[in-house]
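Subject: Structure handover

Hello,

Here is the structure I promised to pass on. Please open it and keep it beside this message as you read.

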Amino acid sequence: MPAADRTRRTLAEYRRKRDFTKTAEPSGDEAAASPARRGAPLRFVVQKHAASHLHYDVRLELDGTMKSWAVPKGPSVDPAQKRLAMQVEDHPISYNDFEGTIPKGEYGGGTVMLWDRGTYAPSDARAGESEAEALRRGMEKGELRITLQGERLRGSWALVRFRPGAKPQWLLIKGRDETADDARDITAEHTTSVVTGRTMDEIAAGRKGRATRTAARKARASASASKAAKTTRARKSAKKDVATTRSARGAATPKSAAALVATLAPMFATIGREIPRDDGWTFEPKYDGIRVLAEVTRERVRLVTRNDRDKAAGFPEIVDALRTLGTKTGVPLVLDGEIVALDAKGRPLRFQELQARMHVVDAARIAAIAKATPAALVVFDVLVADGERLLDLPWGERRRRLEKLLRNRTSARLHLTETAPNAGEAELERARSQGWEGVIAKRMTSRYRPGARSDDWRKLKIEFRQEFVVGGWTEPRRSRQHIGALLLGAYDDAGKLRYVGHAGGGFTSAGLEAMYRKLARLERKSSPFADRVQTNEPAHWVRPTVVVEVKFSEWTADGRLRQPIFLGVRDDKPAREVTIESTSVQRE
């Protein structure tokens, strides 16, 4: 059956329930005529709907329509809160833009707000399986595991069907990751539209929102710019026409620029236990710094960590370099890279060299530290360039575009990472001789999967060092002040925090005091560890939110760290993502 016919049949129930001469809801007639969005990220929306009862409608794009669930209590970012989600009829994709009032007496009569929107992807796709195939499999099985990249809802989620039938009932459950928070009530926290900034009362009253007025102003500016561009093109040669066209595309409105850089997240590597031997792999240094997505538009530069913190204020020298790059290219950019500290010869240093500036907010102090310990952004991927997202291009094509973008545009604060195709053994030996933490192996045909941990990227470590979660501390002995040792853990596959040992070495006196101040605010009565923890000194337990980096000599037979040394606090790493990375790559 042609796709257009399938879409019409799927939306038949939606149309049957509505009188489009009375309601402003979209009829969905355009759905069958719309071309397929091949390669584009799948969209989701959440609409707050005050009908006979207030609820939230969660909609996921799949096969040309929006699969829809009514969630009476709304989504919760607390994994312990399993929210009822009743599956309803599919809606047209054009419903994603609907915000307004459905007339009283019509089906679903009441006020509708666009509460959240973004893109999503399956988080359990199998090898060789497309996103759509993975989602269809999940729908049939009754277990959808997805990753959301919205303005309010992010991270891992699950929809689990517990009652099939004519009106299937599901549970909407937040995954245990860095975006989970059992202390937040996200629906109470956010009460306005993500599009117009209006409250439900303002929507019901028909008031215009801030975004509506802004959009009108942008439209006027865009029309004026378009007229000027046409006059300019008429006067120039064909060669200059091309340059003008590129400039016009780069001079996107803030709205289009934001659309390009929105809802992106880093792609992550799995732990590799041996070097890939087959052709088709390239190898890059594993830098020991702060992983960020660098978002560059005409309006701003952001350095966004994996837990959505902007580090731009702390690294003004990198922001200046990116702003210069953005001015030269004239288009929105999103680059994937690592902020690293540099030595006097411009060579990357270890993460602990960034510790002095990780939490500083005073501009004068930041400038002084930047002069003493400069930093650079080492770029290894490009997600947005030339006015388009590049996520579905293979790594080799993205690398070519990145090299072209940065040709003659790198600087002391903006570097392009090295890459060595089919040279795994040589790069590992180089890593050992030059003191790298390890090597990242990347399949050259791999697509970029935001927020996913993919076997197409593999982390090959040559030493024992990783992040751990602090679950408590012990009382100090004798003349030691503040803290005896940190009690450390990592999450297992079931989401339980497992104790791995304690670390007391590596601290300065000032570091012990700073750590005590940080942990004292998080103290709780019970242990957060799933295991029983025995300590030589009295223990204090804390909420497991602080992440630290530790180096150690090896793992013991009972899963404990041997000779652990504290290296620094990692506020760029979410605690819920910390698992045991137990293997380093050994020489054969």
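Below is what was found in it, topic by topic. Please note that this is a predicted model.

**The cores**

Start with the largest nonpolar core. It has 34 residues. Phe468, Val470, Leu486, Leu488, Met515, Leu519 and Val548 touch the most other members. E22 gives the most, with five residues.

Take Met515 as a way in. Leaving out residues up to four places away in sequence, Met515 touches Ile483, Leu486, Phe507, Val548, Phe566 and Val569.

**Aromatic pairs**

There are 13 aromatic pairs. Look at Phe468 again, now with Trp555. Their ring centres are 6.1 Å apart and their planes stand at 75 degrees, so the pair is edge-to-face; the cut-off for that label is over 60 degrees. Phe468 sits in strand E21 and Trp555 in strand E27 (residues 554-555), so the pair ties together parts that are 87 residues apart in sequence. Both Phe468 and Trp555 are buried.

Tyr499 and Phe529 form another such pair. Here the centres are 5.4 Å apart and the planes are at 80 degrees, so this pair is edge-to-face too. Tyr499 belongs to strand E23, while Phe529 is in the loop between strand E24 (523-524) and E25. The two are 30 residues apart and link distant parts of the chain. Tyr499 counts as buried because its relative accessibility is 8%, under the 20% limit. Phe529 is buried as well, at 7% relative accessible area.

Elsewhere, ring pairs join Tyr14, Phe20, Tyr95 and Phe98 into a cluster.

**A buried aspartate**

Which strand holds Asp90? Asp90 lies in strand E4 (residues 83-92). Asp90 is buried, with a relative accessible area of 8%. What does its side chain meet through polar contacts? One partner is the side chain of Thr65, at 3.3 Å. Another is the side chain of Lys67, at 2.8 Å. Setting aside neighbours within four places in sequence, Asp90 is in contact with Thr10, Leu11, Tyr14, Thr65, Met66 and Lys67. Tyr14 is also in the ring cluster named above.

**A five-stranded sheet**

Next, an open sheet. Its five strands run in the order E10-E20-E19-E11-E18, with mixed pairing. Strands E10 (268-271) and E18 (420-421) are the edges, each pairing on one side only. Inside the sheet, E11 (residues 281-285) and E19 (residues 438-443) pair in the antiparallel sense over five bridges. Thr282 stands opposite Lys442 in E19. Helix H13 (residues 424-434) lies across E11, E18, E19 and strand E20 (453-461). H13 runs at about 155 degrees to E19.

Last, helix H4, residues 131-141. Its buried residues are Ala134, Leu135, Arg137, Gly138 and Met139. Gly142 follows H4, and its phi is positive, near 85 degrees.

Best wishes

Key
Residues are numbered from 1 along each chain as its sequence is written. This is a predicted model: local features need pLDDT of at least 70, side-chain atom pairs count only at pLDDT 80 or more; totals for chains, interfaces and linings use all residues. Side-chain values use heavy atoms; hydrogens and water are left out. A nonpolar core is a set of buried Ala, Val, Leu, Ile, Met, Phe, Trp, Tyr and Cys residues joined through side-chain atoms within 4.5 Å. Buried means under 20% relative accessible area, exposed over 50%, partly exposed in between (1.4 Å probe, protein chains only). Helices (H or I, at least four residues) and strands (E, at least two) are DSSP runs, numbered from the N terminus. Contact means heavy atoms within 4.5 Å. Two strands pair if DSSP finds at least two bridges between them. Axes are lines fitted to C-alpha atoms, for helices over the stretch in contact, and angles run from 0 to 180 degrees between N-to-C directions. A polar contact is a pair of N or O atoms within 3.5 Å; within protein, one must be able to donate a hydrogen and the other to accept it, and residues adjacent in sequence count only if both atoms are side-chain atoms. Rings of Phe, Tyr and Trp (its six-membered ring) pair if their centres lie within 6.5 Å; planes under 30 degrees apart count as stacked, over 60 as edge-to-face and the rest as tilted.
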